[in-house]
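Here is a short briefing on one protein model and its ligand. Please look over the sequence and the structure before reading on.

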Amino acid sequence: MPVRKPLVAGNWKMNGSSSSAKILLDGILTQAKSFQSADVALFPPSVYLQQVQAALSGSAISWGTQNLSQFKHGAYTGEISAPMLNDFGCKYVLIGHSERRCLYAEIGLDQLVLDYIIAEKYSMASQEGIIPIICIGESPEEHAQGKTEEVIARLLDIVIEQNGVSALSQAVLAYEPVWAIGTGKSATPEWAQDVHSFMRERIRKHDPVTADKIQILYGGSVKGDNAAPLFSMPDIDGGLIGGASLDADEFVKICQAASFNL
Ligand code: PGA
């Protein structure tokens, strides 16, 4: 069984202020020695990127943004490009988060079109040397209809078809069931393990080496007290954390759970 280093990613979403970010960063940094065996990355709102970069430079903690444009530059008001992320030392970027998907869906794009846009964003991040963390997960309706694997396979296949399976060797996947995000109802470790294993096997059909190497994170109501059983599953390589990443002690507990499970 290959050993993959766990990764814990803290997605702050649209929360905080410059002063609360400072308290959070200080609280995490002072305890960083306690989770040395895990990779940790923070995803602040982009306006705080410079502050986060200044605080984390020289530490083992990485950072990135919650989205990026599929275009390199131009008239795309409000968007942020991959070269801009490089200007601020971003190692990772989140792509395809369901909250972004819902916003796009409001303007009428169907899920298949969105999957292609996510594949383009993935390609843009990869070209610029930024590691994309691709979020994939079924909605509550799709979950009720038993369509989890169908939804996941659709996006995975498009990403592979558009970029080649080798591109996945520089990527991270995150299984994020939409019904578990921010609801306090995490998937059970067994359910998440089954889905993660399905994702890994889908990749294995193209390339067994990449399948063994790729980190697959779980996201959806991970807290300090349910992280360890999730991370102890063989195909769960860490977590994408929303709400619990806003509290330093709670977030550190999750990082420690990942670190001890290595
Ligand atoms: P949550 O969010 O931990 O608050 O459920 C997870 C996510 O949206 O990435």
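Helices here are DSSP runs of H or I with at least four residues, numbered from the N terminus. By that rule, Glu142 is found in helix H6, residues 140-144. The model is a predicted one.

**Ligand site**
- The ligand is surrounded by 13 residues.
- Lys13, His97, Glu176, Gly182 and Ser221 are the closest of them.
- Sorted by class, the shell around the ligand holds seven polar, four nonpolar and two charged residues.
- Gly182 places a backbone N or O atom 2.6 Å from an oxygen atom of the ligand.
- Glu176 uses its side chain: a polar atom there lies 2.8 Å from an oxygen atom of the ligand.
- Gly242 has a polar backbone atom 2.9 Å from an oxygen atom of the ligand.
- On its own the ligand exposes 280 Å², and the protein buries 97% of that.

**Two loop residues beside the ligand**
- Lys13 is among the closest residues to the ligand, and is found in the loop between strand S1 (7-11) and helix H1 (18-29).
- The phi angle of Lys13 is near 50°, a positive value in a residue other than glycine.
- Is Lys13 buried or exposed? Lys13 counts as buried because its relative accessible area is 19%, and the cut-off for buried is under 20%.
- Ser221, also listed among the closest residues to the ligand, lies in the loop between S7 and helix H10 (227-231).
- Ser221 has a phi near 60°, again positive in a residue other than glycine.
- Most residues other than glycine have a negative phi.
- Ser221 has a relative accessibility of 9%, so Ser221 counts as buried.

**Largest pocket**
- The largest pocket holds about 390 Å³ of space.
- It is lined by 18 residues; the closest to its centre are Ser46, Gln66, Asn67, Arg100 and Leu103.
- Which helix gives the most to this lining? Helix H4, residues 98-106, does, with three residues.
- The lining of the largest pocket has seven nonpolar, seven polar and four charged residues.

- Why does Glu142 count as buried? The relative accessible area of Glu142 is 19%, and buried means under 20%.
- Glu142 and Ala41 are 101 residues apart in sequence. Their C-alpha atoms are 30 Å apart in space.

**Gln215 in strand S7**
- Gln215 is found in strand S7, which covers residues 215-219.
- Gln215 is buried because its relative accessibility is 13%, under the 20% cut-off.
- A polar atom of the Gln215 side chain lies 2.6 Å from the backbone oxygen of Lys5.

**Lys253 in helix H11**
- Lys253 lies in helix H11, residues 248-260.
- With a relative accessible area of 43%, Lys253 is partly exposed, because that class runs between the 20% limit for buried and the 50% limit for exposed.
- Lys253 and Ile216 are 37 residues apart along the chain, and 20 Å separates their C-alpha atoms.

Notes. Residues are numbered from 1 along each chain as its sequence is written. This is a predicted model: local features need pLDDT of at least 70, side-chain atom pairs count only at pLDDT 80 or more; totals for chains, interfaces and linings use all residues. Side-chain values use heavy atoms; hydrogens and water are left out. On a 1 Å grid over the protein atoms alone, a cavity is a set of points where a 1.4 Å probe fits but cannot get out, and a pocket is an open set with protein on both sides within 12 Å along at least five of seven lines; lining residues have an atom within 4 Å of a point. Grid points are joined across faces, edges and corners, and a volume is the space filled by probe spheres set on the points. Ala, Val, Leu, Ile, Met, Phe, Trp, Tyr, Cys and Pro count as nonpolar, Asp, Glu, Lys and Arg as charged, and the others, Gly among them, as polar. A residue is near a molecule or strand if one of its heavy atoms lies within 4 Å of it. A polar contact is a pair of N or O atoms within 3.5 Å; within protein, one must be able to donate a hydrogen and the other to accept it, and residues adjacent in sequence count only if both atoms are side-chain atoms. Accessible areas come from the Shrake-Rupley method with a 1.4 Å probe; for residues, only the protein chains shown count as cover. Buried means under 20% relative accessible area, exposed over 50%, partly exposed in between (1.4 Å probe, protein chains only).
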